[in-house]
Amino acid sequence: MSRVEKFYHRLIVWLLLVILAAPLLATLLYALSSDWSNTILPQGYTLKWFFELWSDSRFLTALGHSLLICFGALLFSLVLVLPAMFVIAYYFPKLDSVMNVLILMPFAVPPVVSSVGLLQLYSSSPLMLTGTPWILIGCYFTIALPFIYRAISNNMQAINLKELIDAAHLLGASTWQAALFVVLPNLRKGVFIAVLLSFSFLIGEFVFANLLVGTRYETLQVYLYNMRNGSGHFTSALVISYFVVVLLVTWLANALNPERG
């Protein structure tokens with residue numbers, strides 16, 4: 001590739017980045033402005049909206065609820081899916097094609113339709129789960145399942161799971177010892193990717209959260225929806241804070257990843 005081609009390639013990449021970042025930068029600018037109505041640039045700058053937001057106990061509670069539900073659903077998913085995937089990959093590899101269809105089933109039904117059915121099932125005894133975080137954790141499990149399954153399945157194929165298990169057997173390890181001490185450490189990258197993809201999707205989920213729990217267990221997206229009629233500066237600060245939270249969680253997960261770099 002010549003220097004001219006490299007220059008144009010970099011120019012196109014930077015232009016795309018600017019275009020993608022422009023809405024976020026405009027939102028940040030509006031969140032930092034004290035007044036911005038009839039001028040090209042804000043007439044003044046302030047951190048008032050961010051201080052007001054982060055001193056709001058309702059916002060902090062909603063943020064805590066969202067993080068708790070997301071990480072609870074991800075933990076629940078990994079605990080259930082990892083052993084099942086190991087059994088399928090090692091003992092029943094032909095079932096993988098069936099699983100590829102089954103994991104997509106939650107996306108075949110629109111969330112609004114699913115919510116109506118769930119409301120009818122879990123709004124009365126013996127399982128009254130509507131308005132509680134438990135029903136959201138269950139819903140988020142079905143949403144995260146395709147991301148987790150595909151990422152870890154690809155990782156299992158890359159490490160050649162059968163050969164690793166057979167080699168561990170030759171060294172005297174049992175199947176479950178091989179799974180825990182040989183296979184699982186090699187799945188760190190797949191688990192890491194699965195968790196990040198799922199988290200970035202779940203933290204922004206609104207339909208299930210709004211219809212199934214609403215303000216009874218308010219999440220970040222429901223809080224954002226309920227504050228839509230307030231100050232535009234305040235909601236802009238909320239959007240930027242939401243983006244920063246996702247960015248920080250991603251950075252922290254990457255920092256804790258032993259295979260980074």
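Guide: Buried means under 20% relative accessible area, exposed means over 50%, and partly exposed lies in between, for a 1.4 Å probe and protein chains only. This is a predicted model, in which local features need pLDDT of at least 70 and side-chain atom pairs count only at pLDDT 80 or more, while totals for chains, interfaces and linings use all residues. Residues are numbered from 1 along each chain as its sequence is written, and side-chain values use heavy atoms, with hydrogens and water left out.

Visitor: How many aromatic pairs are there?
Guide: Rings of Phe, Tyr and Trp (its six-membered ring) pair if their centres lie within 6.5 Å, planes under 30 degrees apart being stacked, over 60 edge-to-face and the rest tilted. By this rule, the number of aromatic pairs is eleven.

Visitor: What is the angle between the planes of tryptophan 54 and phenylalanine 59?
Guide: Tryptophan 54 is partly exposed because its relative accessibility is 38%, whereas phenylalanine 59 counts as buried because its value is 1%. Their rings form an edge-to-face pair at 4.9 Å centre to centre, with the planes at 85 degrees.

Visitor: Is tyrosine 90 buried or exposed?
Guide: Tyrosine 90 pairs edge-to-face with tyrosine 91, at 4.9 Å centre to centre and 85 degrees between the planes. Tyrosine 91, at 42% relative accessibility, counts as partly exposed. Because tyrosine 90 has a relative accessibility of 12%, this residue counts as buried.

Visitor: Which residue has its charged end over the ring of tyrosine 90?
Guide: Ring pairs link tyrosine 90 into a cluster with Phe86, Tyr91, Phe92 and Trp176. At 4.6 Å from the centre of the tyrosine 90 ring sits the charged end of lysine 162.

Definitions and conventions. Lys NZ or Arg CZ within 6 Å of the ring centre and 35° of its normal.
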